[in-house]
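Hi everyone, thanks for coming.

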Amino acid sequence: MKNAYIIILILFFAACKDLKDYPLPQDDINGNQGAAGVYILCEGLFAQNSASLAYYAFEEKRFTRDIFSERNGRKLGDTANDMQQYGGKIYIVVDNSGTVEVVDVRTGKSVKQIPIRNAAGKNRHPRCIAFHEGKAYVACFDSTVCQIDTTTFEIEKTTQAGAYPDGICIADNNIYTSNSGERNGTKTGNTVSIIDIPSFRKIKEIAVADNPFKMAADSEGDVYLASRGSYRGDGPYMLQKINKQMNITSFPNIEALNFCIVRDTAYIYCYNFVTQQNTVLTFDCLREQVIDGDFIKGDMLQTPYGIAVNTQNGDVYIADAGSFTATGDVYCFDKKGAYKFKISDVGINPNAMIFAYAENSGGGNNKTINHIAEVIDYHPAPGQFIGEGGAADYAAELQRVRDILLRADGAGGLVSLGAWGGYITLGFDEPLQRFRIYGNAYYYAGYENIGGSCEPGIVMVSENGAEWYELRGAEYNNPQTIHDYEITYYKPNPIGADVRWTDNKGGAGYVYRNNYHSQPSYYPLWTNAETLTFKGCRLPDNGEQLSGAYLLHAFAYGYADNQPNAESVFDIADAVDNAGNAVALNNVRYLRVYSAVNLYNAVIGEVSTEIGGVEIIDN
Amino acid sequence: MKNFYLILITIFLSFNISAQEMLDSVNVIAPTRASKSPTPTQTLTAAEMKNAVLVSDAVKHFSGVTVKDYGGIGGIKTVSVRSLGSTHTAVAIDGIPLNDCQSGQIDLGRISLENVSSISLANAQSDDIFQPAKLIASASLLSIVTQKPEDKFHLKASTKLGSFGFFNPALFISGKGKKSFAPTVAFNGEWLSAKGDYPYTFEGVRNRRTNSDVQRLRSDVSLYSGAFRAKVYYYQSAQGLPGAVIIGNSNASSERMSDKNLFAQASYQKELSPKWKWQANGKYNYSYFHYRNDQDSVTNYRQDEYYLSAAVLFRPVSGLSFAFANDVLFNKLNASFLNPQRQTLLTALSAKYVNEHFLVMGNVLATIANENVVVERSRNTVVERSRNTRLSPFISISYKPFASQDLRLRAFYKNIFRLPSFNDLYYTNIGNADLRPENTTQYNVGAIYSFRSKMQIHADAYYNTVTDKIIATPKRSVFIWSMENVGKVEIRGLDIGFEAAQPYWRDKNILLRGSYTYQEAIDVTDSQGKTYGHQIAYTPRFSGAGSATVETAWVDVSLSVVWSGKRYLSGQNIAPNRLGGYADMGITLSRKIKRISLTAEMLNVFDKNYEIVRSYPMAGRSFRVGVIWEM
């Protein structure tokens, strides 16, 4: 009997090697990736509570697989479907948990968990989120859209949309939701609902392709839509466009499952579940044509599940869900589609990425490097900062400007271009490709992404200093943009009076003096001219009177001193000729910036672009 | 001391043993002689299952078994034997298989232990060759044997009360008419209801399960007359489906399910001569399933099964026997998605040779399964037909090397498959009509040793493979996962079990029982995949169970524990997927005073919070008391 017990013990310990966790890799990625880090949302698997938020800190080369639980001491929840940034906050939509988590982009801490419930307390199943003028709009599978205030985080109102909305975007004061159809695989939807924001009511439902999904708008207000087709997985995976008149254009040659639009370029991928093939392409939303139909070569990607672009350097990040049951990876490609690196095993079903930029906190106008080699000319329009240097002649004024703008550390300060039309021309020793223009734009807290102090200037580039090309910004096709604008400022008499102007559209006004700036004149006295005339493009007015503050909206992209330095990035690929046609340039050595909004207000005076330096990102 | 295995077989096949003898047998809890069976077979008798209400509670005590339990009385409980998967275990009640063509598996949480005299689990199959072919047509067999009716009037009334609204009264009556030809008849009825609203802590949040109520009615009538026996069984249930606990939105489910199951089965067996014996079995099964979800969307299924089996046993010389069995099954599903039908013909030819030292047994099973389903193809109604035919071999041996020692060495090989279920094949969008059967191959070597019938130990090492494993994969869209024959699993394992009985005071015993399981169940599907070489989901490397009973003059105290090492909720063995190990201990006190038996139980004594299935927390500490009155 004793022997028998010994046998039992031997057998028991014979195979004592318990299961061990397989280690997950820490990828070693070059620290200079144009962002402090990237947040990666992982959807997880249904009913497994396995949604997670990962964060790769590039400079520290540190990957945290679930920064949400690490920072908050609790899990994100079940089926995290969407993640978007608004100001300094990340909004994570957690479908099956019925919550929207508001997370501080700097810390990863949840500021607020917003339950998305109906009157009976049942989960509405929030799916996706978009923002407009301080409000978040969350589309839910119970056919509703909830409006959430982004300062109080309260749900203010709810309205009916269509069935099973699975995409949302906002264009032209309207909310668009894509009605995907039932999830049990019996019925696909084929409509898009349009909700008027002021009345917060559905005003229209339009027919689109089957099983509509992701939506995003370009700067012209065109809404792009990717539809997944049948539940059999054989498509068609359609890309369609809805213009402001609610007309639909299909792009039958493009297979689209999901996409994002950055600076009017759509980065589109498709994964065909039947053929198991994937494609990634880039598409120009303004010219409405494919830029590169085979953007990412090779068969590195298996099942792309999310796409995002780092606006700082144009890197394209694609989340790959792999088998959908094991951890997925994130691949990074440069702006030309060449593979850069991979972040492995980020979590289950990674579907969205957000970049944390170093200066994302506060105003974000740090500058550390300046590549301007020469200030070729400086012709500001009248303004409250003009003449403050007290220069007696143009040479002295130019020297003053050079002292500011030619410091390699970029610490010289700012140069104002005055009211509409005032400009500066800069020279460079190396060709420009992608670059950042320093200014002093910042967003007001609480209204962060809408704007704050944003004074947009148009950027022009030239290879020889004679033929100039405008960089097409977000407002280029806005009907309120006046491309043939001309203004004349009149030397005041006495010189200390307000400066009168007239324009070629029958308008007239003054650059008014104020109590803060008491130099002898706001008119550039170093010129002897009695009038100053400027020609160019006038952007739409971007000001708005708020109670107690005057707010200058930021345009989406493409203008100097329009966004905080972190976002103030330009690419010569946006260069256009006078007719608006793209121009391929490869040796840009000259840059010109002019104030491009003609707007005056009593609180902060005329809108005038400021320049503090230029940093070459790529050449 | 009686031989349990022999008794088991006897219950199946022979009606010569008197009822009185039967009763005595099942009340004994003690090891027996080492079984001759070449396939490992573990058995629990009613007396050993006093602390169990459902079959799933009991099977946790077998080695080689992984129970997947969604928690609570109403939660689905399936059993995977030796990591082959829950669809590879056949379940039989009184020798006739239970079948569910729709899901391909049986929920063991729905079979009550009330009126069950024993359950046994045989790897591969039992060592009896004279039985329906269906019972050898799977990778393992779980046999449930109900209490045999007695000629003498016997009445047993019992009730159990427990935490979370548990209430389980039952009645058993049996007897025989006065006329000599009158059959012995037994009636068994049972009602089970529970609120099931147990508290739990999940991801740091304390809460209570809701919508977890269960109501079940079961009644059956058995009839025995000589070599003929029959059973009519009716089951009806209504329950809530509490669903997964979701962070931030727990207990939101209002899904309901109800079902009905009616079957009638009969068997007849006759010895024609000392050399020839035959038997016939038949069954009709009706089941109806009703589901209503949160949006009041309703789903109904109806399944019908007709089953006929005939077998012949031929014993040309002493020790050598041959059997030929032929089964015909007709299955029909009526569902909103499709109405498939399946006809299965199973033919088994078996041989067995026994002498003092050796037992050699083998068979070849031929399966022909025809299927047809009516589908709409571009507005035309087409009948799609498909056929699966296979030959499946099984061979086994047991050997007693020493005359003086009760030691048996044993080995078997079995290759068998399971047909894709109707859900696998046809369920809306998920189904894939091109599926092939899922194959298993098992190799087993082991030994069983009995020491003076006071202690018994058995140990078996095995190597299994599963190929063409049917796995849901998102091949169509992220929302709709369809079934594919994509998996391949390699399993190496060790099962150990022991039982011991030691008298310590007059007729009072200390009884010990333990089982231990070691399983390496490795995914070898895709060498480039992220789960290659990892242990498959929900399969611990180590698990086990143990129980100790001390009989005293006052009360019998029984302690039982079920434990499991860590597991992973998916096939990727990484930290975020890890589910911790657990040990669930129960204490049962029982006492018999004349006609009355009393039991009191404390379950999950240490109030451990654990999950067997991710997001389905198990109940904490709970209590149950029971009383049985017999005459």
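Before we start: two strands count as paired if DSSP finds at least two bridges between them. Helices (H or I, at least four residues) and strands (E, at least two) are DSSP runs, numbered from the N terminus. What you see is a predicted model, where local features need pLDDT of at least 70, side-chain atom pairs count only at pLDDT 80 or more, and totals for chains, interfaces and linings use all residues. Residues are numbered from 1 along each chain as its sequence is written, with chains lettered from A and ligands numbered from 1 in the order in which they are written.

Now, strand S29 (residues 374-379) and strand S31 (residues 423-432) of chain A run antiparallel, joined by five bridges. Within that pair, Asp377(A) has Thr425(A) as its bridge partner. S31(A) also pairs with strand S45 (residues 588-595) of chain A, antiparallel again, over six bridges. There, Ile424(A) sits opposite Val593(A).

Next, an open sheet: four strands of chain A in the order S4-S5-S6-S7, with antiparallel pairing. Its edges are S4 (80-86) and S7 (110-115), each pairing on one side only. S6 (residues 99-104) meets S7(A) through five bridges, and Val103(A) faces Ser110(A) there.

Finally, the domains, whose bounds come from an automatic or database assignment. Chain A has domain 1 (1-74 + 302-359) and domain 2 (374-618). Their centres, taken over C-alpha atoms, are 45 Å apart. How many residues are in contact across the two? Seven from domain 1 with seven from domain 2, contact being C-beta atoms, placed from the backbone, within 7 Å. Thanks, all!
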